[in-house]
Amino acid sequence: MTVVLRLLGEVAVEVDGRPVDLGTPRQRCVLAALAVDAGRVVSVDLLVERVWGVDVARRAQGTLHNYISRLRRVLVGADGVAIVRRSSGYVLLTDTIGPPTDLHRFRELCAAADAEVDDEHAARMLTDALGLWRGEPLTGLGGVWVEAERERLAQERLTVEQTLVDARLRLGEGGQLVTELSQRSARQPLNERVAAQYMLALHQAGRSAEALEHYQKVRTRLIEELAIEPGVLLQEAHQQVLVADTTWVTTAAGDGVRAAVVPRQLPAGPAPFVGRHDELARLDDPGASATAAVSAVTGTGGVGKTWLALHWAHRNLDRFPDGQLFVDLRGFSPEGVPLSPVAAVRGFVVSLGAPPAGIPADPDALIGLYRSLVADKRMLIVLDNARDTGQVLPLLPGTETCVVLVTSRDRLSGLATVRGSRMFTLNALDDEDAQSLLAFRLGSRRVEAEPDAVSELVRRCAGLPLALGVVASRAAAHPASPLEMWARELRDVSTRLGALDAGDPQSSVAAALSWSHAALTREQADLFGLLGFAPGPDIGTAAATWALGATAEQASGLLRALTRVSLLHEHVPGRFRMHDLVRLYAVKHGGAGHDAALRRLVAYYVHVAHAGERMLAPQRRPVELGPPPPGCDPWPLEDEAAALAWFDTEHANLLAVQRLAVERHLHAEVWQLAWALDNFHWRRGHLQDNITTWLAGVAAADHLGATELLGRSHRRLGRAYAQAGHHTEALRHLNRALDLAENRGDLHDRAHTANALAWASSLRGNDREALEHARRALKFYRGLTNPVWLARALNSVGWYQARLGRLHDALEPCAQALGLFRRHQDADGEAAVLDTLGLIAHRLGDHANALKHHLAALILFRRLGNDYLEADTLVNIAHAHAALGDTHRARDSWQQALRLYRAQGRPDDVARVQRHLATLMPANSDHPVGIAT
């Protein structure tokens with residue numbers, strides 16, 4: 001049985017990890033008063049004083065005995081822990097292995113660290129000691145003694161924290177301590193030990209100029225407020241920064257001169273470091289560019305630019321025997337003000353051994369001295385967190401013997417132009433490397449135990465190393481908690497950024513992004529906020545132009561500005577997307593007032609989608625749209641191929657825009673998008689997407705109260721269900737569409753719905769019923785004046801007659817349909833008739849002619865981008881090859897069809913083709929080819 005007594009936080013007792021109810025606060029205070037001196041007798045008078053104070057009546061002793069009795073009963077299950085009466089008082093005894101309380105364990109670790117000569121071991125023990133603190137000591141208790149004890153323990157903790165900082169500084173980890181010490185120094189501006197530690201941390205981080213500035217600030221304040229000069233500790237830190245760990249030699253004349261300095265300013269490398277193999281290989285390759293001396297790593301905040309730079313630098317230290325310089329240029333940082341190039345150069349010059357008295361005041365002379373000091377040396381210069389090219393150029397050496405590595409959120413395009421620098425854009429980690437990072441931090445066993453939770457953590461962090469690091473550090477602090485708990489916390493988008501905050505600006509995704517956001521102009525910030533709300537995975541220049549109500553030139557300039565500071569990524573020319581966590585930040589901090597812009601964005605997709613739909617289906621009745629928003633020019637689509645390409649590119653955005661329109665009750669736009677997407681969905685075989693958009697379309701038509709639109713919507717939804725094999729739902733919606741058409745006396749809709757019912761019946765395997773519906777549709781179409789619609793009805797009658805074995809009866813309507821389609825240049829219809837003629841020839845035993853017709857149909861379907869009917873035609877081609885004895889080509893055609901069926905989510909068709917592939921026997925059942933109306 002494991003018993004734990006906790007004082008460094010809420011007073012608690014745990015038995016085998018389960019908390020024990022200790023009763024009222026005063027009763028817990030009795031336990032605390034004994035526990036701080038566990039193993040030693042505490043007199044009754046002292047106990048009363050600790051719990052009630054000095055001015056209490058002696059009757060408090062009776063109450064004390066009652067509390068003791070209750071605590072003894074509570075602790076009965078805690079074997080090894082007992083409150084024992086002694087002649088002068090009480091004692092808390094434990095026979096547990098190790099210290100009796102977390103406070104005693106804390107002091108034991110601190111004492112061991114104090115005796116340790118190895119700084120690394122000492123730092124580890126001090127870190128473990130501080131890790132025992134779970135908040136303010138003796139939480140939940142009050143009183144004079146409690147407050148005094150709490151203050152004493154807080155001072156004890158502060159001393160240990162400072163001792164740990166000393167150890168880490170001796171280990172050269174100052175770069176990792178800068179933020180912590182900056183905050184501590186702000187809270188304790190006259191604490192000379194903290195000031196000295198902060199100076200040394202800045203110095204180790206390559207920010208020596210800032211360290212010297214901080215010394216002057218503290219010295220001025222000490223003189224003004226306390227009328228004293230800095231003490232020995234602070235003066236020694238000042239001297240250490242000044243001389244940059246330089247040794248002194250004596251000349252024959254006895255003058256002290258500075259020896260050659262080999263600066264080693266690199267902060268510690270990241271541990272662990274995973275992935276980035278391609279980027280490391282490119283950095284290793286000096287022949288990758290004509291000017292390999294300067295390389296720039298760019299990317300969004302938290303993507304690991306500095307980690308990559310430091311990891312590569314430490315791997316290649318042997319290449320730089322003359323030393324390494326490092327500076328944080330604070331281009332995007334909490335301070336908000338970038339470090340001036342002159343201040344950075346001054347820090348470098350001091351680190352290179354120039355005596356302070358000899359440093360020129362003139363900026364040009366200072367830069368000249370710097371370049372002279374590094375000329376012809378084999379040094380590495382790391383310029384971290386640069387704001388822009390202008391901040392970097394003065395820090396570049398004049399010769400190429402030095403290697404310069406720059407990191408920035410800015411794209412630094414001017415650096416490539418002026419110096420021919422190598423540019424690296426760092427993207428998020430892939431899933432495998434992200435999981436490896438978590439495994440390094442949390443242990444393989446823990447990660448392997450919860451694969452689903454780990455996958456979700458990786459997905460929610462979107463491969464951003466900073467986010468993964470925050471999650472790992474929080475999970476590591478609670479080793480007994482399941483990873484599912486952290487995954488659940490990240491699941492809610494409203495709290496995700498908060499969950500990715502470790503309480504330190506350097507370990508907060510939101511803080512890191514805020515520094516980029518602060519660098520934006522008002523116009524750029526407005527677009528940034530808008531793009532956070534914009535639906536879909538990316539946005540093109542044209543869509544952004546409409547949303548902004550601006551010119552294409554203005555929109556392009558703003559998009560490039562956001563790309564330059566890595567808040568956007570141009571993943572293909574003219575198309576931009578945001579990292580998932582950047583989008584969350586944009587939504588939270590991008591401001592309000594985007595309603596008008598989002599309406600313009602919806603209008604863009606509606607108008608261009610309808611232009612594309614007219615290209616794909618010119619025979620369909622057009623839908624009337626209102627005019628585009630003022631200042632928004634229609635976006636031209638040249639031809640059918642351009643329309644298909646646009647739909648392919650924008651498909652995910654179109655679905656997202658329709659969802660946005662549903663949320664904003666834009667019923668007309670919801671229906672218009674469903675209509676515009678229908679033909680594209682049918683051609684590409686996006687069966688489930690077609691159902692989803694038409695479900696929204698039916699609801700929108702119902703809201704609009706438009707009976708004609710409602711009838712069309714039910715017909716289209718019925719066809720979508722039929723395509724996907726949901727026959728009951730298909731029949732329900734098609735019959736509803738037929739009722740609405742008959743009630744309105746609309747001959748067009750009656751004809752189209754009868755044709756749709758025919759096709760749905762055939763997909764259910766009822767060709768006789770399909771033929772009846774097709775003949776009824778043909779009768780309706782003969783009363784209309786659209787020859788293409790008539791041709792489609794003729795082809796349908798021919799197809800179903802052929803399916804029923806009435807082959808010679810099928811030839812006449814097919815011949816009429818083919819002539820009409822060719823006369824009116826309807827390639828879609830022509831392909832469908834050719835497929836019907838192929839079926840007739842196949843059933844007549846003329847397999848060579850069947851193959852010819854099906855191949856001609858396939859060419860047209862592929863040219864049209866009709867993946868849905870391409871798959872069906874490939875099956876018919878396979879039957880013809882099999883009948884001709886060419887099993888090799890039959891297998892190839894079935895396999896092509898199988899891939900398309902799987903992509904389209906058609907499980908019945910997949911199963912049918914798999915049976916054919918298993919037997920490679922000609923099938924008796926052919927697949928119907930339908931035409932959308």
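A charge sits over a ring if NZ of Lys or CZ of Arg is within 6 Å of the ring centre and within 35 degrees of the ring normal. The views below are taken from a predicted model.

**View 1. Two arginines at the ring of Trp675.** Arg712 places its charged end over the ring of Trp675, at 5.1 Å from the ring centre. The charged end of Arg620 also sits over the ring of Trp675, 3.9 Å from its centre.

**View 2. The aromatic pair Trp671 and Trp694.** The whole structure holds 16 aromatic pairs. One of them joins Trp671 and Trp694 edge-to-face, with 6.1 Å from centre to centre and 75° between the planes. Trp671 belongs to helix H30 (residues 667-684) and Trp694 to helix H31 (residues 687-704), so the pair ties together parts 23 residues apart in sequence. Trp671 is buried, with a relative accessible area of 2%. Trp694 is buried as well, at 0% relative accessibility.

**View 3. An aromatic cluster.** Six residues are shown: Trp546, Tyr604, Tyr605, Trp646, Phe647 and Phe680 form one aromatic cluster. Tyr605 and Trp646 are also among the residues that touch the most other members of the largest nonpolar core.

**View 4. The open sheet of five strands.** The strands pair in parallel and follow the order E10-E11-E12-E9-E13. Strand E10 (324-328) and strand E13 (422-425) are at the edges with a single partner strand each, so one side of each has no neighbour in the sheet. Ignoring direction, neighbouring strands of this sheet are turned by 15° against each other on average. Strand E11 (residues 380-386) and strand E12 (residues 403-408) run parallel and are joined by five bridges. Within this pairing, Leu383 stands opposite Val406 in E12. Helix H13 (residues 341-351) lies across E10 and E11 and runs at about 150° to E10.

**View 5. The largest nonpolar core around Leu380.** This core has 174 residues, of which Leu380, Val509, Phe528, Tyr605 and Trp646 touch the most other members. The element that gives the most to this core is helix H28 (residues 595-616), with eleven residues. Neighbours within four places in sequence aside, Leu380 is in contact with Leu266, Trp312, Ala313, Phe320, Gly323, Gln324, Leu325, Val403 and Leu405.

**View 6. A second, separate core.** This core consists of 53 residues, including Val11, Leu47, Val48 and Leu153.

Key. Residues numbered from 1 in each chain as written. Predicted model: local features only at pLDDT ≥ 70, side-chain atom pairs only at ≥ 80, totals over all residues. Heavy atoms only, no water. Pairing = 2+ DSSP bridges. Helix = DSSP H or I, 4+ residues; strand = E, 2+ residues; numbered from the N terminus. Axes fitted to C-alpha atoms, helices over the stretch in contact; angles between N-to-C directions. Contact = heavy atoms within 4.5 Å. Phe/Tyr/Trp six-rings, centres within 6.5 Å; stacked < 30°, edge-to-face > 60°. Buried < 20%, exposed > 50% of the residue type's maximum accessible area, 1.4 Å probe, protein only. Core = buried A, V, L, I, M, F, W, Y, C linked by side-chain atoms within 4.5 Å.
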